[in-house]
There are 2 protein chains.
Amino acid sequence: MVTLKQLAKELNVSISTVSKALNNSEEIGEETVKRVKELAELYNYKPNRMALSLKQNKTKTIGVIIPNILNHFLAKVLFGIEREATKLGYNIITCISNESLETEKASLQLLASGSVDGFILCVSEETQIKNEIDHFKKTISQGLPIVMFDRVAHDVMCDKVIVDDFDATYNATKNLLLENRKNIVFISNIDDLSVGKLRERGYNKAILENGGQDPLVLRIFKKDDHQKKIKSFFRKNNTIDGVVSADSSSAIIAINSAINLGKKVPKHMSVIGFASKSDSNHTLPRLTTIRQHAKVIGANATQLLVNRLQNMHLNEDVRTIIVKTSLVKNKSTLL
Amino acid sequence: MVTLKQLAKELNVSISTVSKALNNSEEIGEETVKRVKELAELYNYKPNRMALSLKQNKTKTIGVIIPNILNHFLAKVLFGIEREATKLGYNIITCISNESLETEKASLQLLASGSVDGFILCVSEETQIKNEIDHFKKTISQGLPIVMFDRVAHDVMCDKVIVDDFDATYNATKNLLLENRKNIVFISNIDDLSVGKLRERGYNKAILENGGQDPLVLRIFKKDDHQKKIKSFFRKNNTIDGVVSADSSSAIIAINSAINLGKKVPKHMSVIGFASKSDSNHTLPRLTTIRQHAKVIGANATQLLVNRLQNMHLNEDVRTIIVKTSLVKNKSTLL
DNA sequence: CTGAAAGCGCTAACAC
DNA sequence: GTGTTAGCGCTTTCAG
């Protein structure tokens, strides 16, 4: 890596002259600027980012902490964050908390010591269960803004980007009721999470408003054999004619299990689930999906953070952006 | 962020005393060390990473450039990299090339100017097609080691971690031949990639060796409607009794399409595909899968890089690690 | 127009 | 034992 010092030496000028020339300062003579720029070009000079960061006390880097990168939704948000960050001239340092509070804390700590200008994060499961928020508050009070997305800690004052989870399942369930479905089950493998709870409540509300049946919830746990659990549930509850799923995997398995049991989808059973476009290709008929617009969420979060970083002095009020889901109707439902 | 300077001032000692005390230098008096550490603890002092990086000319950060984070295999490798890097005391900066040569170049350039100590990357599709390697060579000659995984540029001298793609499909196809399948098709949506080509060749070899049929390849392109293409292929080629798939999506769609057309899997048709465990849950019967051990690949790549970083002076020979796939037999095949 | 010097936060060789 | 100083690469004020 060539430095200003080396360029200066070779050109027989001072370091500051080189620096100014490269930064198009008006102070430097035209001729000198030309000479400097040519040599810099030749040697492919790029200012050292660490030195710049140290000097300017900003890193142009965003710390991203997500609980699980193998979750397709979270990966997609990360994609959105990366793309927007790159566009705005920021890099991202990614840490994976693995749903662990300790790991989340450690990553926050580590990156807070000068590696990043701020954070975008999705709260880990353990953190949500234990309702710990001190580490977030501490980070913010150190002058590092945080933007939370999807799973957020409501008691932390910071910018947030969330999904209208409640409305999404409420509307999806309403849709199935409109199809005159009489026995709709809600399937979830994320009932520990804030968003999982919201989704369940949306379903509950729609069912209770309608009054035709009682809410019926099938909870899937990590240790379960998902296929076996769903299939045997359908076998025992033979009158199920509708499924609302809080996650994509359960929805896919639900359709395939129903077909395996000889049912026709959507003739005998309609299925709606939170999923992405590629997921919906994994069933025939294609899954009617609740889309969360993950990339938009990532982009929004990034914009919120960068905006705050660039207006730190203004001390703006915190904002919460709600990204509306949309219901993409495919062939696993009638209407 | 509290600095050494502030601690020194408050303790009425010099900056270097504080620094030495915190670094357990033998030079400093016991009493002083204690005072310093207590205050540092109180203020939660952490050395500034940028300053350290600048001083020591190493960032303890790895640049990771991957073509597409929405690809489950790549996301999983990233997960493996992150976990191993964290374990070894490194952070990762992630850039997504989006399969674009230009983006890949830009990321490499940007991070090479002092942000990272080295790179782990998977070559983008465009880069492979155009067979460009200058940017890699340049980076390496600047003193930044590169480790390539999965899709590699063979003409670049660097450490590599690859998969035995050829053997994997060769063996998988052999397996179907052992089941006495007579009309086996190879389905791929990645035939542009080096790994896609290797997988096809493995299939070809097994088929040709056997001599019962000619190789038969169905290529899926991004713009295609994958479901439609596979389903109509099966309709037109009604005697297909075996599928080897180079990607998970095609395998899943193949099974579900076959079932949709009234065939029994694996009675009438066996299917094997590259896929992960979670993918194999998306069909009933579960997909017999070729597992690539993505996390292991990520961990190996990280170890190679860190090892090289820590032994830069030794100038060791480059190494290529081949991570063997394994064939996980589920119920979409007979044997 | 150009250069010297200070300083970002830290470490380490070298005084005292 | 503790402090002074130089220097990592850069920007920027202030002198010349």
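Helices (H or I, at least four residues) and strands (E, at least two) are DSSP runs, numbered from the N terminus. The structure is a predicted model, in which local features need pLDDT of at least 70 and side-chain atom pairs count only at pLDDT 80 or more, while totals for chains, interfaces and linings use all residues. Residues are numbered from 1 along each chain as its sequence is written, chains are lettered from A and ligands numbered from 1 in the order in which they are written, and side-chain values use heavy atoms, with hydrogens and water left out.

In chain A, the loop between β7 (217-219) and α11 (226-236) contains A:F221. A:F221 has a relative accessible area of 38% and is therefore partly exposed (buried means under 20% relative accessible area, exposed over 50%, and partly exposed in between, with a 1.4 Å probe and protein chains only). Residues up to four places away in sequence aside, A:F221 touches A:D191, A:H226 and A:K229, where contact means heavy atoms within 4.5 Å.

Over all chains, the whole structure holds 6 aromatic pairs. Rings of Phe, Tyr and Trp (its six-membered ring) pair if their centres lie within 6.5 Å; planes under 30 degrees apart count as stacked, over 60 as edge-to-face and the rest as tilted. A:F233 and A:F234 make a tilted pair, at 6.2 Å centre to centre and 55° between the planes, and both residues are buried. The pair B:F166 and B:Y170 is stacked, because the ring centres are 6.4 Å apart and the planes lie at 10°. These two residues are about one helical turn apart, because they are separated by 4 residues in helix α9 (residues 165-178) of chain B.

DNA strand C is surrounded by 25 residues, the closest being A:T17, A:K20, A:K55, B:L4 and B:Y45; a residue is near a strand if one of its heavy atoms lies within 4 Å of it. The side chain of A:K55 places an N or O atom 2.6 Å from a base nitrogen of DNA strand C, and that of B:S19 places one 2.8 Å from a phosphate oxygen. With 4 residues, α2(B) gives the most to the surface near DNA strand C.

Conventions. Polar contact = N/O pair within 3.5 Å; in protein donor to acceptor, adjacent residues only side chain to side chain.
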